[in-house]
Amino acid sequence: MTAGKKNAFALDKMLSEAVSLAREALAPIAQPDEIGDYIGAEADDVRLVTHSFDCLKPGYAHWRWVATLARVPHGRKATVCEIDLLPGEGALLAPAWIPWAERLSEEEIEAGKELPVPADSDTKAAASSSSDKRDASRTRQRRRKRRCQTYKNAGYIVAMNDAIVHAHRLLTPTSANLH
């Protein structure tokens, strides 16, 4: 399947001919009109073959549907092992994940330290009721650090939510593109 990839296993004749079973096996994850032309079969191991089909699903250019079939020694019946949608050469993929600690600029970290203390925070109550201003100051510093970490984590959640919403918009038919 992949250019330059050598395979040491012989293609099992019975499994390689089970193209219709492989196509039918994709039914739980793909609509019939989303499964395109048959690309081919590849031997993954002894009596283990993966069939590939073009993906016609909108937004999935260069992706392929795959169904892996197997059989027991001397068996005459193919069994579906795995079905999946895999990226091919030139498929659009998400960028590699980078931890927020490495992604935030110094300005963003400094801005997080300047956040106002919420009105319902017990930090203000501790400062006004306690004569020890140094303890209140330490408490404020600890809360600021926690808040900064919370905003970092919340930023990751917001970014993930935005990605999910964007993907949903790409894959959900709207009235504009149904006409």
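Two aromatic pairs are counted in this predicted model, where rings of Phe, Tyr and Trp (its six-membered ring) pair if their centres lie within 6.5 Å, with planes under 30 degrees apart counted as stacked, over 60 as edge-to-face and the rest as tilted. One of them joins tyrosine 60 and tryptophan 63 in an edge-to-face arrangement, with 5.4 Å from centre to centre and 85° between the planes. A pair of aromatic rings is described by the distance of the centres and the angle of the planes. Tryptophan 63 has a relative accessible area of 17% and is therefore buried, given that buried means under 20% relative accessible area, exposed over 50%, and partly exposed in between (1.4 Å probe, protein chains only).

Because the model is predicted, local features need pLDDT of at least 70 and side-chain atom pairs count only at pLDDT 80 or more, whereas totals for chains, interfaces and linings use all residues. Residues are numbered from 1 along each chain as its sequence is written, and side-chain values use heavy atoms, with hydrogens and water left out.

Seven bridges link S1 in the antiparallel sense to strand S2 (residues 48-55), and the two strands form a hairpin with two residues between them, where arginine 47 in the turn has a positive phi of about 60°. Within this pairing, tyrosine 38 has phenylalanine 53 of S2 as its bridge partner, while alanine 43 stands opposite valine 49 in S2. On to the next pairing: S2 and S3 run antiparallel and are joined by seven bridges, with serine 52 opposite valine 66 in S3. S2 is largely enclosed by the rest of the structure, because six of its eight residues are buried.

The disulfide count is zero, a disulfide being a pair of cysteine sulfur atoms within 2.5 Å. Cysteine 55 is buried, with a relative accessible area of 10%, whereas cysteine 81 is partly exposed at 48%.

The loop between S2 and strand S3 (63-70) holds proline 58, which is exposed with a relative accessible area of 57%. Its C-alpha atom is separated by 8.4 Å from that of glutamate 34, and these residues are 24 apart along the chain.

Arginine 71 lies in the loop between S3 and S4, and its side chain is joined to that of aspartate 12 by a polar contact of 2.8 Å, that is, a pair of N or O atoms within 3.5 Å, where within protein one must be able to donate a hydrogen and the other to accept it, and residues adjacent in sequence count only if both atoms are side-chain atoms. A polar atom of the arginine 71 side chain also lies 3.0 Å from the backbone oxygen of glycine 75. Leaving aside residues up to four places away in sequence, arginine 71 touches Asp12, Met14, Leu15, Arg47 and Lys77, with contact meaning heavy atoms within 4.5 Å.

Technical notes: Two strands pair if DSSP finds at least two bridges between them. Helices (H or I, at least four residues) and strands (E, at least two) are DSSP runs, numbered from the N terminus.
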